[in-house]
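Thanks for coming, everyone. Please have a look at the sequence and the model on the screen, and then I'll walk you through a few places in it.

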Amino acid sequence: MPQDRRLAEIGHVLNPGVPPLVEPFPETPTAWAQAYALNWPDLPDRYVVRLIDAGACEREAVRTEFRAARLLGEKGIGPAVRHADAEAGVLVMDLVDGRPVRPAARWQALSVAGLLARLHSLDWDDPARLYADKRRTANDSVLRLTERFPTLALFGEALGAFDALRAGLRGLAVPQALCHNDLNPGNMLFDGRRGWLIDFDHVGLGDPLFDVATAIDSLGLGPKETDAFLMRYFGRPPTGDEAARLELLGCLALLRYGLSGLSLVPEELLPGLVSWTPDDVGRAWVFERSAHEPLGRSVFRLSLGFATTGLARLRAEPAARALSALGIEAHVTSRREPAPVGSGHAQR
């Protein structure tokens, strides 16, 4: 596969006349962007280049992402930005010598809690909600796929539950803050001293506790680490309403990742995947890919894990108590479309 010419161009800008060593990051199911590590044997600096293939109608979203990356880099929440060109779809940042973890240690949890407290306190006047367009696209895809493949009824139920729960939570009119909105394990890196947030293509104003709930679940925190995380984030124990929102936003995040995961599976693979069994269900937040397994199949198993976990959590007693505490139980229940969670052989 020929190398993207933009890599050579940015390499020349960073170190004229000396071609860089280019290492692609692992393949991801998101086709709109790819990341590469750039370095030179005689220089200590190392960079990440994010290349985005966006049409003219998506250029404003790229500008918002790059603006957020620059702001968070300046604030030390994300890596420093060295070059950003939204027209060309090129973002260059310092390479963080870190890795994702799950489960996170206490110091790692506290580091992320501090980052989120700082992120959610920033002034942000951009009305764009990058996650909203991706959510709509994913949900439209899921609706179409469940109509085409009846054995994907589980995702139809997940979509109904997601829409109902989201509507109920939106009715609470919670004050909005700048949010990351995609804190999967790969977007929180730890370098031995602190955590870093990366990848800002879902940023926008929203309920800040969505980030908090997602990070707690994504990092695999136990009860003690969760309590410490919340104390660091709030500076106090959460109120009853905050605890209820966290529980329901945790359900919402699981459902959202299940729906978005299905939408990323190449359609040519789906006919061979839709007759799934419980053995095909992956683990939420844990991306596992066996040797020679097509990426799309791994993503499908992960999406099943998210959807089944999200539906089970929403049915459990803590979620029921949270719905009641916030006064949205009737609203959410009335809009859900219950169906048994079974295998891919179940019909709606």
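I'll start with confidence, then go through helix packing, a salt bridge and some backbone details.

First, some ground rules. This is a predicted model, where local features need pLDDT of at least 70, side-chain atom pairs count only at pLDDT 80 or more, and totals for chains, interfaces and linings use all residues. Residues are numbered from 1 along each chain as its sequence is written, and side-chain values use heavy atoms, with hydrogens and water left out.

So, confidence. The chain has a mean pLDDT of 91, with 94% of its residues at 70 or more; pLDDT is the predictor's confidence in each residue, from 0 to 100. Please be careful with residues 338-343, where the pLDDT is below 50. That stretch still has 14 contacts in the model beyond near neighbours in sequence, a contact being heavy atoms within 4.5 Å.

Now the helices. Two packed helices are described by the angle between their axes and the distance between the axes. Helices here are DSSP runs of H or I with at least four residues, strands are E runs of at least two, and both are numbered from the N terminus. Axes are lines fitted to C-alpha atoms, for helices over the stretch in contact, and angles run from 0 to 180 degrees between N-to-C directions.

Take H3 and H7, the latter spanning residues 223-234: their axes come within 8 Å and cross at roughly 30 degrees. That makes the two helices roughly parallel, the label for angles under 35 degrees, with over 145 roughly antiparallel, 65 to 115 roughly perpendicular and the rest oblique. H3 passes H7 in a right-handed crossing; right-handed means the near helix is turned clockwise from the far one by less than a right angle, and left-handed means anticlockwise. Residues of H3 in this contact include Arg106, Leu110 and Ala117, and those of H7 include Lys224, Phe229 and Tyr233. By class, we have 9 nonpolar, 1 polar and 4 charged residues. Here Ala, Val, Leu, Ile, Met, Phe, Trp, Tyr, Cys and Pro count as nonpolar, Asp, Glu, Lys and Arg as charged, and the others, Gly among them, as polar.

What about H6 (residues 208-218) and H8 (residues 240-263)? Their axes come within 8 Å and cross at roughly 70 degrees, so H6 and H8 are roughly perpendicular to each other. The crossing of H6 with H8 is right-handed.

One more pair: H5 (residues 153-170) packs on H9 (residues 295-315) at about 50 degrees, with the axes 10 Å apart. That makes H5 oblique to H9, and this crossing is left-handed. The contact of H5 with H9 has 10 nonpolar, 2 polar and 2 charged residues.

On to charges. How many salt bridges are there in the whole structure? The search finds 26, each a side-chain nitrogen of Lys or Arg within 4 Å of a carboxyl oxygen of Asp or Glu. One to look at is arginine 67 with aspartate 125, where the closest N and O atoms are 2.8 Å apart. Arginine 67 sits in H2 and aspartate 125 in the loop between H3 and H4, so the pair ties together parts 58 residues apart in sequence.

Finally, the backbone. Most residues other than glycine have a negative phi, and most peptide bonds are trans. Arginine 102 and proline 103, however, are joined by a cis peptide bond, with omega about 0 degrees. Proline 103 lies in the loop between S5 and H3. Aspartate 199 has a positive phi, near 60 degrees, and lies in the loop between S8 and S9.
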